[in-house]
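Subject: Structure for your review

Dear colleague,

Please find below the structure I promised to pass on to you. My notes on it follow directly after.

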Amino acid sequence: MKRMMNNLKVVLLGMLIACGLHAIAFAANVPSGPMPEATEEFVEKGRGIYFQRCSFCHGLLGDGEGPAAKYLDPRPRDFTLGTFKFRTTESGELPTDLDLFRTVSRGLSGTAMQSFDSDLIKNGLSELERWQVISYIKTFAAEFEDPELDPVATNKVISLPANRAPYDEETIARGKQVFERAKCWSCHGKLGRGDGNKEFRKDDWGFTIRIRNVTHPWKIKAGSEIEDIYMRFTSGISGTPMPSFVKSLNEEDRWDLANYIKSLQHKLTSHQALRVKLVDVELPEDPADAIWENAEPMDMRLAGQVVAPPRWQNPSIEMVTIQAVYNDKDIAFKLTWDDPFMDIVHDETQEFDPVELAKVGGFNSYVETIDMIPRKLETLRDSIALQFPVKAPSGTKKPHFYRGSSSEQVHLLVWKADQASVGERGTQEGNARGWKQPIKAQADDSQQVTGKAKWDQGRWTLVMKRPLTTDDRNDVQFKPGIFIPMSLNAWDGSNGEHGLIMSLSTWHYVFLETSTPVSVYINSLLAFLIVGGLGLWLMRKTIKGKQDEEAGA
Amino acid sequence: MNKKIIGTFPMVVIVLVAVYGLAKWGIPAFSRQVTTLPFPLPVPGTLMFFYMTLTVIALFLMVTFSEDGLSDFLRPIKKLLAGGYGKVLRAIVLLAIPLVAGWQTYDMTVPRAQVPASLRIQHPSSNFPVAMEALSNPFEKPGEDQITEFIEQAKANEVSFIQQVQDDIDAWAEENDPDHVLEFFAVESTKKLLAEIDAGEVSQETAKAALHEKYLFEGRALYAMNCRPCHGDSVAGDGPMADGFKLRPINFTDNGTIETIVEGYTFWRVTNGGPGLPTEATPWDSAMPEWKLSLSEDERWKIILAEYNLAQKTPRIPEGH
């Protein structure tokens with residue numbers, strides 16, 4: 001017994017230690033101590049790590065011009081200028097060692113800069129290795145050698161407010177007032193979708209800036225928690241138009257504002273099948289119709305088109321929310337996605353010819369962000385397409401999500417922003433057999449899809465409506481009670497997207513809900529009656545038996 | 001008659017509830033202790049049915065073993081039906097049981113739409129050409145003539161690189177004006193090679209290691225340009241685009257991925273991508289490109305070299321045939 005108790009103690013102790021280690025692992029973007037002294041040997045170790053892990057984006061010279069850099073937006077940091085975006089220091093100051101440690105450890109969400117924390121990823125860098133590579137990165141900018149610019153020694157470090165109001169309705173409401181007062185909307189838009197400016201802005205390096213849509217937390221680079229958000233408008237983001245609000249807003253205001261920004265963050269749905277309800281009214285083409293308030297939404301995530309050249313890794317549209325309703329004749333889909341600019345013209349002469357990117361053993365099959373495609377306003381159109389297999393799938397078999405294949409045809413409902421505005425059909429039905437040929441529009445007499453789109457406050461909403469079933473062999477047929485695969489292609493014109501330079505989703509499903517057959521109710525009622533009758537019969541039998549017994553006695 | 005602590009009927013009920021509870025919650029809870037996995041292993045429905053049937057048979061045998069046992073078991077039921085526990089309770093029970101039966105029938109027959117499951121098959125290989133199994137990475141073990149050629153190039157300071165890294169190396173060389181182009185290699189074997197070149201005597205071993213480093217450098221650059229957007233610079237399947245795909249990109253640092261397959265298989269997967277998969281592996285959901293349409297064979301092998309190195313894994317050795 002005593003031995004058992006001892007064993008139990010050992011087990012409990014082990015569990016406690018395991019929990020403790022777990023806590024440490026989560027706190028790993030805070031190092032256990034300050035940066036060790038940067039001896040020559042220490043820095044040389046850092047150079048080795050930089051050469052193996054960092055140089056391909058940031059360049060052998062630390063100038064942000066590595067072989068992968070031309071294809072990235074945002075571009076890799078140029079370390080030679082000593083300008084760092086994500087700091088906990090006052091506006092224009094250098095970052096602290098801890099700031100650099102945090103960025104290397106956590107990475108920058110939504111960018112090519114990923115976490116290097118060995119507690120988070122198996123082949124990451126240990127704390128010591130992270131310090132070594134940071135010591136090397138600091139050698140690229142002379143500013144780090146000047147003691148007068150040391151933000152710690154000169155007391156330029158910002159800390160979080162001592163009193164942090166809780167995240168609740170009151171602070172959020174106050175934060176909203178701060179948002180109005182500080183004119184955050186002039187860049188970020190009234191609803192925070194990054195649509196405040198009517199044109200692109202550039203950063204200090206001359207690169208086009210995409211103003212943050214603060215409602216998409218997965219794109220908020222230096223962290224989407226309240227503390228991170230607070231730090232961004234407290235320190236400002238060096239090299240960009242994002243200023244520090246230290247002078248115009250007090251600590252409390254900034255904390256409230258951070259709470260408000262947090263409250264704007266979209267919470268993604270996680271289901272893969274869109275359930276469509278049957279209604280008995282005429283289906284609307286208006287995206288603002290009240291019917292949409294009751295239709296279940298499904299968020300579809302999209303990635304850049306990287307399956308075949310021209311590959312594109314800087315997609316603008318990364319999430320589309322979809323809803324649908326159907327009646328006895330038609331089905332209507334509503335698509336909602338954020339896009340800061342309404343691009344309703346299309347100049348075909350600006351389209352990119354990807355022939356060089358499609359060669360085996362060519363330089364690269366990805367599209368460069370600056371020289372290859374026009375990423376400017378009033379050049380290329382916004383567009384979106386819903387894709388379905390033409391034939392209802394048997395088993396799990398489907399066409400490839402990237403436009404099917406020569407044997408498996410897909411059907412697309414395509415909407416183009418420019419065509420509606422010039423009086424053409426805005427929505428069109430088309431077919432594809434693989435990505436090698438463009439989508440082929442169906443003949444005029446087969447066109448049955450209609451639609452209406454609206455752009456407001458940095459957001460497109462679009463309704464596409466079509467008869468449930470058609471006589472066309474090349475059309476998807478919407479039958480209730482089966483899971484029909486569905487995916488998306490999307491183009492943001494001012495992001496240079498057109499043709500195969502686009503974002504796309506993999507297969508999800510759409511499911512038209514059926515009403516329960518009457519037989520189910522009849523069967524349930526029968527079961528109830530039979531079992532109930534059996535019970536009553538037993539009761540009567542028992543009572544009768546008892547009476548007989550008593551009479552007999 | 002022996003005085004029993006508990007009647008037969010309540011005992012039967014308790015045993016049934018206990019067995020059901022054990023199979024439904026007990027075994028899954030215990031499985032977590034045994035497997036230490038973060039999720040329980042549920043008892044499959046058919047096995048559950050089997051357990052319950054066995055329990056019922058055992059209880060039936062026990063109850064009907066003697067006349068006394070049976071009447072002991074039936075007594076509370078008869079008492080209830082006769083109204084011995086009160087008419088209200090009898091009415092409740094007589095209504096509740098048919099209601100449960102009706103609800104169960106509804107639950108079993110109502111059409112319920114299940115999203116079609118898509119299982120991910122690891123290393124689908126039903127159409128993997130056997131001839132490719134024995135392929136080995138030409139850059140893993142360079143031949144003697146390759147090494148000799150590299151030594152000549154290194155001595156003459158004329159080492160050539162793939163076109164993709166050339167601009168960055170040129171920029172570095174212009175800035176630093178080095179004695180030797182290989183000086184940007186911050187690894188021991190290359191430093192040793194440069195020292196040996198200065199000393200005038202280059203060993204085959206040193207050159208081989210330095211050449212391997214050169215191939216790795218090129219492979220890492222190609223990986224960063226081509227594969228990183230999905231598989232991530234950590235090779236953990238967590239690139240910036242990973243969230244956009246239903247089948248997440250493979251995590252190469254995971255045990256059970258690239259270290260359990262031969263290099264020839266990795267090459268085959270990189271070469272033919274999603275469309276090259278057999279039907280059972282749902283090629284229509286895979287975003288893996290057919291890299292043979294974009295990358296040369298050498299480029300693909302160099303990427304594979306770097307991929308294993310970054311993941312700190314080694315491929316499985318092909319078995320002799």
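Gly107(A), which comes just after helix H3(A), adopts a positive phi of about 75°. Please bear in mind here and below that this is a predicted model.

The buried positions are Asp97(A), Asp99(A), Leu100(A), Phe101(A), Arg102(A), Thr103(A), Val104(A), Ser105(A) and Arg106(A). Helix H4 (127-137) of chain A is included in what covers them.

H4(A) also packs against helix H2 (residues 40-58) of chain A, at an angle of about 90° and with the two axes 7 Å apart. H2(A) is therefore roughly perpendicular to H4(A). On the H2(A) side, the residues that meet H4(A) are Phe42(A), Val43(A), Lys45(A), Gly46(A), Arg47(A), Ile49(A), Tyr50(A) and Cys54(A). Their counterparts in H4(A) are Glu129(A), Gln132(A), Val133(A), Ser135(A), Tyr136(A) and Ile137(A). By class, the residues of this contact between H2(A) and H4(A) comprise eight nonpolar, three polar and three charged.

Elsewhere in chain A, Gly434(A) sits in the loop that links strand E10 (427-432) to strand E11 (440-441). Is Gly434(A) buried or partly exposed? It has 18 C-beta neighbours inside 10 Å and so counts as partly exposed. Apart from neighbours within four places in sequence, Gly434(A) is in contact with Arg403(A), Gly404(A), Ser405(A) and Ser406(A). Its C-alpha atom is separated by 9.4 Å from that of Phe401(A), a residue 33 positions away along the chain.

Turning to the contact between the chains, 71 residues of chain A and 66 residues of chain B take part. On the side of chain B that touches chain A, the elements giving two or more residues are helices H3 (67-81), H4 (87-109), H6 (163-176), H8 (204-226), H9 (228-231) and H11 (297-311) of chain B. H4(B) supplies the largest share of that side, with nine residues. The side of chain B that touches chain A consists of 40 nonpolar, 15 polar and eleven charged residues.

Finally, the domain assignment divides chain B into domain 1 (8-106) and domain 2 (130-311). The C-alpha centres of these two domains of chain B are 63 Å apart.

With kind regards

Definitions and conventions: Residues numbered from 1 in each chain as written. Chains lettered and ligands numbered in written order. Predicted model: local features only at pLDDT ≥ 70, side-chain atom pairs only at ≥ 80, totals over all residues. Buried ≥ 20, exposed ≤ 12 C-beta atoms within 10 Å, placed from the backbone. Helix = DSSP H or I, 4+ residues; strand = E, 2+ residues; numbered from the N terminus. Contact = placed C-beta atoms within 7 Å. Axes fitted to C-alpha atoms, helices over the stretch in contact; angles between N-to-C directions. Parallel < 35°, antiparallel > 145°, perpendicular 65-115°, else oblique. Nonpolar A, V, L, I, M, F, W, Y, C, P; charged D, E, K, R; others polar. Domains from an automatic or database assignment.
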